[in-house]
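Trainee: Please take one part of this model and go through it closely. I would like the geometry with its cut-offs.

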Amino acid sequence: MERKLESLDAYKGQNKRLEELTYNDSVNTYDIGSWFIAYLVHHEGEKTFRVDFYNDLDTLGFEEAFEKHFGKSHQAYVDEFDLFLGQTTATLLEIIPSTNLQTD
């Protein structure tokens with residue numbers, strides 16, 4: 001995830017919101033999207049994102065399912081995410097669970 005932060009300057013330099021980016025933009029949309037999902041999961045939990053939200057997508061549609069499970073509109077969440085991205089790399093990485101790899 002630290003490597004994906006290399007796309008941060010390009011994202012900040014865009015005059016587009018996250019949901020407006022396409023794969024044709026100069027920013028690596030996948031990198032920024034990965035960070036948004038990490039931010040969302042950090043605040044709401046993996047099950048809420050991966051199971052609950054997705055289970056309601058077909059019946060409620062994106063925005064209603066998003067608001068139901070995350071408590072605010074996706075635009076409000078992107079606004080908070082953009083503010084979050086203004087922090088240091090070390091602070092950003094704190095939301096990523098560490099893995100404890102053992103070496104023999």
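Mentor: Here is a close look at one helix and the aromatic rings.

This is a predicted model, so local features need pLDDT of at least 70, side-chain atom pairs count only at pLDDT 80 or more, and totals for chains, interfaces and linings use all residues. Residues are numbered from 1 along each chain as its sequence is written, and side-chain values use heavy atoms, with hydrogens and water left out.

Start with α3, residues 46-60. Helices are DSSP runs of H or I with at least four residues, numbered from the N terminus. The expected span of a helix is 1.5 Å times one less than its number of residues. Yet α3 has a kink of about 35 degrees, centred on Phe53. The bend at a residue is the angle between axes fitted to the seven residues ending there and the seven starting there.

Phe53 is also one of the buried residues of α3, along with Thr48, Phe49 and Asp56. Buried means under 20% relative accessible area, exposed over 50%, partly exposed in between, with a 1.4 Å probe and protein chains only. The cover over these residues includes α2 (29-44) and α4 (62-70); contact means heavy atoms within 4.5 Å.

Now the two ends. Gly45 lies in the loop between α2 and α3. At 24% relative accessibility, Gly45 is partly exposed. Its C-alpha atom is 9.7 Å from that of Phe70, 25 residues apart along the chain. After α3 comes Gly61, with a positive phi near 85 degrees.

Next, the rings. Rings of Phe, Tyr and Trp (its six-membered ring) pair if their centres lie within 6.5 Å; planes under 30 degrees apart are stacked, over 60 edge-to-face, the rest tilted. The whole structure has 16 aromatic pairs. Phe36 and Phe81 have centres 5.2 Å apart and planes at 85 degrees, so this pair is edge-to-face. Phe36 is in α2 and Phe81 in α5 (residues 74-84), so the pair ties together parts 45 residues apart in sequence. Phe36 is buried at 8% relative accessible area; Phe81 is buried at 0%. Phe70 and Tyr77 are also edge-to-face, because their centres are 6.4 Å apart and their planes at 80 degrees. Both are buried.

Ring pairs link a cluster that includes Phe49 and Phe53, together with Phe36, Phe70, Tyr77 and Phe81 among others.

Methods
Helices (H or I, at least four residues) and strands (E, at least two) are DSSP runs, numbered from the N terminus.
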